[in-house]
Amino acid sequence: MYLKLKQCERLCFEEDEVEVQQKIVDEIDSVINDFSTMENIKIMSDLVDGLWEEVENVQTNGNFLDFKFPELNEFVRMSKQETVIFYARAKAGKSIMMTNCLKTLLDNDEIVLYVDTEISDRQFFMRMVAHLSQVRYRDIETGNLTESDKEKIAEARKYMKSKKFIHVYMPVIEDSTLKTLAYRMKNKYGITAMIVDYIKSNTKHALEAYANSAYLGKITDTIKGVSGKLDIYTLACVQGNKDGSVAMSANIERNCSALIHLDRKTEKEIASDGG
């Protein structure tokens, strides 16, 4: 390739050379033909049988997991190589949903990387203990515990010690950092799932609408790309606006596999549903 480039350079300085531009294009084209991987591209008729084997493998080898909520599974399930994103307004259940998803993955013996932009290891640990034991977070934090609470917490700790998952506190996410982290955790621990709680603005782009939207879309695209390359489940959450749209970036909607809106039930809905 270097020799071809030098040859193109010489053509530019030869005064008696005609049709220089076309000759350079021809030289570059020959390099592309010699070194590209395009010879690996096949017509679809040659791929049909192999692709159907892949489909059957996905059907039978457990590449799908159900969410905790049966109604949700009618529309989407956790799927390897796909990215499901939940969005909701502030304090409307995003992290609780991510915790539920983590529990489902762990119950199925998946190895999970949990990337957290909000809370430290200790705070996350207390949240998980509260979720698993059903003992109030506030009581765990203050130590206001009954003997029954302590027994439940001991069981929760035992469960956590029996599972493989990694919590990484990352207040600011960059696409390259997130990608590198996922690849390292795949190599070191063999992760089969990644949760990002949550995708939010980088302060560097927060005041520039276009740059911020591009940044959030790029993070989403990175998560989905990691899912495909590593063959893992990926889930994430993001902030929602009052009008029910995704906050700050339509690119998030475009780049994910499925987008699910979380909202609190009204009193009327609670009464009609019975809970």
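Which residues of α8 are buried? They are Asp149, Ile153, Ala156, Tyr159 and Met160, where buried means under 20% relative accessible area, exposed over 50% and partly exposed in between, with a 1.4 Å probe and protein chains only. Seen down the axis of α8, these buried residues fall within an arc of 115 degrees, so they line one face of the helix; the arc is that of the directions from the helix axis to the C-beta atoms. On the face turned away sit the exposed Glu147, Glu151, Glu155, Lys158, Lys161 and Ser162.

A word on the ground rules: this is a predicted model, with local features needing pLDDT of at least 70 and side-chain atom pairs counting only at pLDDT 80 or more, while totals for chains, interfaces and linings use all residues. Residues are numbered from 1 along each chain as its sequence is written, and side-chain values use heavy atoms, leaving out hydrogens and water.

The protein chain has 12 helices and 8 strands, taken as DSSP runs (helices H or I, at least four residues; strands E, at least two) numbered from the N terminus. Of its 275 residues, 39% are buried.

Back to α8: here are some of the elements that cover its buried residues, by contact (heavy atoms within 4.5 Å).

| Element | Residues |
|---|---|
| α5 | 94–107 |
| α6 | 121–133 |
| α7 | 137–142 |
| β5 | 165–169 |

Now for the cores. A nonpolar core is a set of buried Ala, Val, Leu, Ile, Met, Phe, Trp, Tyr and Cys residues joined through side-chain atoms within 4.5 Å. The largest has 39 residues, and Phe67, Phe86, Cys101, Leu102, Leu105, Ile195 and Leu235 have the most contacts inside it. Helix α5 gives the most to this core, with 6 residues. Apart from it lies another core of 29 residues, including Ile85, Ile166, Ile191 and Val246.

What about aromatics? The whole structure has 3 aromatic pairs; rings of Phe, Tyr and Trp (its six-membered ring) pair if their centres lie within 6.5 Å, with planes under 30 degrees apart counted as stacked, over 60 as edge-to-face and the rest as tilted. Phe67 and Phe86 have ring centres 5.7 Å apart and planes at 90 degrees, so the pair is edge-to-face. Phe67 lies in the loop between β1 and α4 and Phe86 in strand β3, so the pair ties together parts 19 residues apart in sequence. Both are buried. Elsewhere, Tyr114, Phe124 and Phe165 form one aromatic cluster.
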